[in-house]
Number of protein chains: 2
Amino acid sequence: MALETAKGTKDYSPEEKIVRNEVVGKLVSIFERYGFSPLDTPVLERYDVLSSKYAGGAEILKETFKLKDQGGRELGLRYDLTVPMCRYIAMNPTTKMPFKRYQIGEIFRDGPVKLGRMRQFTQVDVDVVGSKNMLADAECVNIAQTFFKDMKLDVVIEVNNRKVLDGVLDAIGVSSDKSTDVILAIDKLKKVSVKEIEKELATKGVKGKLVDELLKIFNAKGSNSDKIKKLRKIVKSDSGIEGLDEVEELFGFTKGKNVVFSVSLARGLAYYTGTVFEVFMEKGDFKSSLAAGGRYDKMIGNFIGNREVPAVGISFGLEPIGVVMKPDAVRKTVTQLYVIPIKALKEAQKICEKLRSEGLNVDIDLNDRGVSKNLDYASSYDIPYVLFVGKRELAEKKVKLRDMKTGKEKLIGLEEVSTNVS
Amino acid sequence: MALETAKGTKDYSPEEKIVRNEVVGKLVSIFERYGFSPLDTPVLERYDVLSSKYAGGAEILKETFKLKDQGGRELGLRYDLTVPMCRYIAMNPTTKMPFKRYQIGEIFRDGPVKLGRMRQFTQVDVDVVGSKNMLADAECVNIAQTFFKDMKLDVVIEVNNRKVLDGVLDAIGVSSDKSTDVILAIDKLKKVSVKEIEKELATKGVKGKLVDELLKIFNAKGSNSDKIKKLRKIVKSDSGIEGLDEVEELFGFTKGKNVVFSVSLARGLAYYTGTVFEVFMEKGDFKSSLAAGGRYDKMIGNFIGNREVPAVGISFGLEPIGVVMKPDAVRKTVTQLYVIPIKALKEAQKICEKLRSEGLNVDIDLNDRGVSKNLDYASSYDIPYVLFVGKRELAEKKVKLRDMKTGKEKLIGLEEVSTNVS
């Protein structure tokens, strides 16, 4: 038997898990500051819920892990957190709206495994269900802005509106049967060259002046309000104008020059109905999005089948955030102090208990090892301070504290340990 | 299609999830104070790992959810967190010992569903791997003591040692082929009457004077050290004496009169080799254990097949803790303040942003509702304070704060909100 992880899954070592917990902790604290509450749904769902007509769709079902319980019931591992949330709302019809929930959970997709694409991964979702107000959309944007600022990451939060995009295509004369193809081509603007986009559009029958106009609109420079003004001259459909009103309203609730109106932002998923947003690194080679979301006013209503339930949300990608994050953005060790008893285990243990009751994270040598092995151990777990507890020093109520970074040691009073370490 | 959860699984509503997060948060904070670090392993494991000879055993395999990935590989949903930890240690042979890890994760067992027994549930495990020192065992006990004190629950932490139990049986003349049966019968002392135990022992051929002696030993009163002294007169085998030495050493590292030497504590599982402990409510009708664990010095070594790896750990049951916990032990809402704009949405949003940047959890009306509907909403989500933001009051830099519990309202300055709410 090979002692291995299942294909497409991985362990998180303490070092990795501490970092991940810190990132998730920051997100949770911001979600809660914005008035969102946690929800938890099971990993196992009934297969007929996952395969429902308005759920994730045929493509995602191909990648769904399917299994049966002892009673022969068909089950699946959830492939997102949105379908379970829809089911929860359907099962709890008295839920007060707006329902502001966040959920952090494991997601499973039995697809091809490559760098950054696992079969089990963690999704971090925050959604407002039951409000059409653009302030809800703005809260998603502002949460992202707060989080990335907190992480000391310089990002650009691109914002667009599907209705505006449709309005633009309509205005320059792209027929509605081609609009989906055009949107999908446009969505690649960040990743491939303009030439390639032109080529792809040409195969869809969109070329010449149309393409020039499109690119002119998408490449327009200026402030968000400049861009809105320019588009007001082009977009004429009712829906397009509504979209521009929404964008303007949304920008009224956000601030900071890194929230940018990006008319070419499309996002692949079909279910978005209004605002879409996506967060990228401002500079550097990392082009994948760090967070993304948008407004989906039809999906939940369709899914539960009996009423209109507008919704907007954003999802954070722990994997890409892990790739770009600054090494010093979060703590990497939870243990603050490692105690080495010098023939004084009982006394050292009592000191540990006291420091712990003061809120310090304290480990102690359990294996009666020599000093150098103990220092190795503390250093291998990146513990910043070591405390030597010896009988001679204790007689004078003193202990020796070593700063593992500098190697400096000093004799201090027992009551001084806490303040010297934290 | 029925929009339902899969059999044996449940959702955690925000109210339930907030409470659960608080309990887990307390546990994590205590684990980290004792120098434990988090580990995370996947929900999906290779089936051959789960079904390995030294893993959970045949009984547990019958309840293991089994599935295949697209490549036809046999997988299973993990049924505990111990086997994945063993696999992790086997795959990471340079892990520095002792390895002190905690893990919180979903566990799956496809067994009969009844009250308090689900097919998906959360396990909270903390283990010291790689130390034989009784201080490691004591840390598990002390963690439990700290946690339940923090939760304001009066519990008894019963401690025993398998070697002592074997030593007692040996001393009174129970033949070793009967000792497992006797231990299993004894384990029921808490749940069934002495009569029933006597009956069960009789069918195993253990009766008369033997049973009387057993019950005399198990019912002996006195302090922990009294009991140890009494047993030193009875137990004669080397292993039994070693067990008593261990118990004595362990009690030297613990304190408080709720840590009790309970010679009849056996615990069903076969893999324990020394210390066992189990936490019960001191009074009341709730007889299930709230936390339990023990020392298992052989299991990991057997599992990974090449070296001796002693270990001790304790597992906390979130479900039983949820049943007995005091209603006021943890917070039940994360949102502290709900803002109702009176025709002043923009201004109210700015105030929200400021309060959030001060660390307050703030929600705001997103649906432009009237005052009474808004108060209903705040009250349905148990939000303790409501802030009315109106233009007239704002002109004097004032806002109106309502305490939802008392219904009292007062006009305060903008800069006073934070201190009035938190």
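Because the model is predicted, local features need pLDDT of at least 70 and side-chain atom pairs count only at pLDDT 80 or more, while totals for chains, interfaces and linings use all residues. Residues are numbered from 1 along each chain as its sequence is written, chains are lettered from A in the order in which they are written, and side-chain values use heavy atoms, with hydrogens and water left out.

Let us begin with chain A. It has 17 helices and 16 strands; these are DSSP runs numbered from the N terminus, with helices (H or I) of at least four residues and strands (E) of at least two. Its C-alpha trace spans about 90 × 60 × 45 Å along the principal axes. Of its 422 residues, 56% count as buried, where buried means under 20% relative accessible area, exposed over 50%, and partly exposed in between (1.4 Å probe, protein chains only). Taking contact as heavy atoms within 4.5 Å, 67% of the contacts in chain A between residues at least 6 apart in sequence join residues at least 24 apart.

Now bring in chain B. The contact takes 94 residues from chain A and 94 residues from chain B. The area buried between the chains is about 8100 Å², and carbon and sulfur atoms give 57% of this; buried area is the accessible area (1.4 Å probe) that two parts lose on being put together, summed over both. On the chain B side, B:Leu3, B:Arg33 and B:Leu366 supply 9% of the area that chain B buries against chain A, more than any other three residues.

Why does A:Lys100 count as buried? Its relative accessible area is 4%. Its side chain makes a polar contact of 2.9 Å with that of A:Glu139, and another of 2.6 Å with the side chain of B:Asp363. A polar contact is a pair of N or O atoms within 3.5 Å; within protein, one must be able to donate a hydrogen and the other to accept it, and residues adjacent in sequence count only if both atoms are side-chain atoms. Not counting residues up to four places away in sequence, A:Lys100 also touches others, including A:Tyr34, A:Ser37, A:Asp127 and B:Leu366.

A cavity is a set of points, on a 1 Å grid over the protein atoms alone, where a 1.4 Å probe fits but cannot get out, and its lining residues have an atom within 4 Å of a point. Grid points are joined across faces, edges and corners, and a volume is the space filled by probe spheres set on the points. Of the 14 residues that line the largest cavity, the closest to its centre are A:Ser37, B:Thr333, B:Thr335, B:Tyr381 and B:Ile383. Helix H1 (residues 14-33) of chain B gives the most to this lining, with three residues.

The second largest cavity holds about 100 Å³ of space. Of its 13 lining residues, A:Asp40, B:Lys10, B:Tyr12, B:Glu106 and B:Gln120 are the closest to its centre. Strand E6 (residues 120-129) of chain B gives the largest share of the lining, three residues.

Finally, some backbone details. Most residues other than glycine have a negative phi, and most peptide bonds are trans. A cis peptide bond joins A:Met97 and A:Pro98, with omega about -5 degrees, and A:Pro98 lies in the loop between helix H4 (82-91) and E5 of chain A. In chain B, a cis bond links B:Met97 and B:Pro98, with omega about -5 degrees.

B:Asp368 is not a glycine, yet has a positive phi of about 50 degrees. This aspartate lies in the loop between strand E13 (362-364) and helix H15 (371-380) of chain B, and is exposed, with a relative accessible area of 73%. B:Asp382, in the loop between H15 and strand E14 (385-390) of chain B, has a positive phi near 55 degrees.

Technical notes. On a 1 Å grid over the protein atoms alone, a cavity is a set of points where a 1.4 Å probe fits but cannot get out, and a pocket is an open set with protein on both sides within 12 Å along at least five of seven lines; lining residues have an atom within 4 Å of a point.
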